[in-house]
Amino acid sequence: LATIGSKRFLKGRGKDTSLADAISSLRKDVAKPVGDVPAVFTVDKGAHTAQVMLRWRPELKPKPQLSVGVEGEFSGWEFVQLQPSKKVYAAYDAMVALPPGSYSYTFKIDGEYHLDPAAPQRGDPPKNVIHVVAEHAATSVKDLDIRLDGHGLKDDGAWALAGAIRAGGGGGALKKLSLASNGLSGDGVGALCATLERGDAPGLEVLDLSRNRIGRDGGRAVGKALGTERKVPVDSPTKKEGPCPVKQPTVPAPLVRCVLARCALADDGTAQVAMGLVGHGTLQRLDLNENAIGEYGAAAIARALLRNGVLTHISLAANRIDAKGCEHLSEPVRLSGTLLHLELNDNPR
């Protein structure tokens, strides 16, 4: 994703492009093969799985002596034996049928784990990864769940993804978007939140931005997206001979859960998020763990909770909320008719 910009991706795409096709095309565009090692496999139209070849190539070390196989998410991390290849001399391979998704895996040679250095990697500790995408996802995908955790997207990738969402429209297909641990800052989060404000993801219910240092700017972008008034498209009143009716946009996404743990929000960023909670009509769960939130941030959250009336679960664990901060939070705990769970573990006593 980080190799292209949204302008390049949007070039030549029509207004009727679906979100599923946009994301599918985007992932195939950026995940280029490295040498002879493919990064993306495609499910053909009418099929449910793609035939994925996993191969320990002859130039890789070590050379198998006793056993060679692969373990991965697709097998529940169970050992899958590789057989001598019928196409490549001195290679070992296996064909597996996989539905759309991303799968981490690692080779096991004579009882020890090894990676193919030419294949894409992700995670810590790193593992090889393959992606399976649907060639005609738009005809079958109704509830789209995009999980790109730990892919190193950074802000350029966030801008490209925002462009894909904007190009695809969405039609309510996108339900969950998880971008944890991608090195995003306030700039990239701002691009994503701008698409939510415009109503480009009208069905988005879960947003996970955890473990990205988005800071105050990112908190402001999230707060702005949450605080945007939701409107139903209506015709603006006009005279009979006046201009054509103008449609008001439907915004924002109807988020039910937002995860902002370890986002370096501190008090200022938390206050920005809290501003968006005031009057928000759908958000039920908010995770603000490990954000160095102190008394000022706790007070901002408390004021927002008194005017929210929807939020049921909020997590503020592992912050810097002391006794004074807890005093601020005690009022919405007493008065809120909806708040069921407030987590304050691992804060100063």
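I began with Lys108, which is partly exposed at a relative accessible area of 22%. My scale is this: buried means under 20% relative accessible area, exposed means over 50%, and partly exposed lies in between (1.4 Å probe, protein chains only).

The model is predicted, so I note its rules: local features need pLDDT of at least 70, side-chain atom pairs count only at pLDDT 80 or more, and totals for chains, interfaces and linings use all residues. Residues are numbered from 1 along each chain as its sequence is written, and side-chain values use heavy atoms, with hydrogens and water left out.

**Salt bridges**

I counted a salt bridge wherever a side-chain nitrogen of Lys or Arg is within 4 Å of a carboxyl oxygen of Asp or Glu. The rule gives nine salt bridges.

What does Lys108 pair with in a salt bridge? Its partner is Glu71, and their closest N and O atoms are 3.5 Å apart. Glu71 sits in strand E3 (residues 68-72) and Lys108 in strand E7 (residues 101-109), so the pair ties together parts that are 37 residues apart in sequence. I take helices (H or I, at least four residues) and strands (E, at least two) as DSSP runs, numbered from the N terminus. Glu71 is buried, with a relative accessible area of 8%.

Next I looked up Arg57 and Glu59, whose side chains meet in a salt bridge at 2.3 Å, N to O. Arg57 is buried, at a relative accessible area of 13%.

Then came Asp145 and Arg147, a salt bridge with closest N and O atoms 3.0 Å apart. Is Arg147 buried or exposed? Arg147 is exposed, with a relative accessible area of 54%. Back at Arg57, I found a network: salt bridges that share partners join Arg57, Glu59 and Asp116.

I checked helix H6 (residues 266-277) for its span. H6 has 12 residues and reaches 17 Å from its first C-alpha to its last, close to the 16 Å expected. The expected span is 1.5 Å times one less than the number of residues. Buried residues of H6 include Gly269, Val273 and Leu277. Their cover includes helix H5 (215-227), E15 and H7. Just after H6, Gly279 takes a positive phi of about 80 degrees.

Ala292 lies in the loop between strand E15 (285-287) and helix H7 (295-306). Ala292 is partly exposed, at 30% relative accessibility. Leaving out residues up to four places away in sequence, Ala292 touches Ala266, Asp267, Asn319 and Arg320. A contact means heavy atoms within 4.5 Å.

**A three-strand sheet**

Which order do the strands of the open sheet take? I read E2-E6-E5, with antiparallel pairing. Strand E2 (50-56) and strand E5 (83-84) are the edges, each pairing on one side only. Two strands pair if DSSP finds at least two bridges between them. E5 and strand E6 (residues 92-98) pair over two bridges. Tyr92 in E6 is the bridge partner of Pro84.

**Confidence**

Last, I looked up pLDDT, the predictor's confidence in each residue, from 0 to 100. The chain has a mean of 80, and 78% of its residues reach 70 or more. Where does pLDDT stay under 50? Residues 28-35 are one such stretch, with 15 contacts beyond four places in sequence. Residues 231-241 also stay under 50, with 16 such contacts. I keep in mind that where pLDDT is low, the predicted coordinates should not be read in detail.
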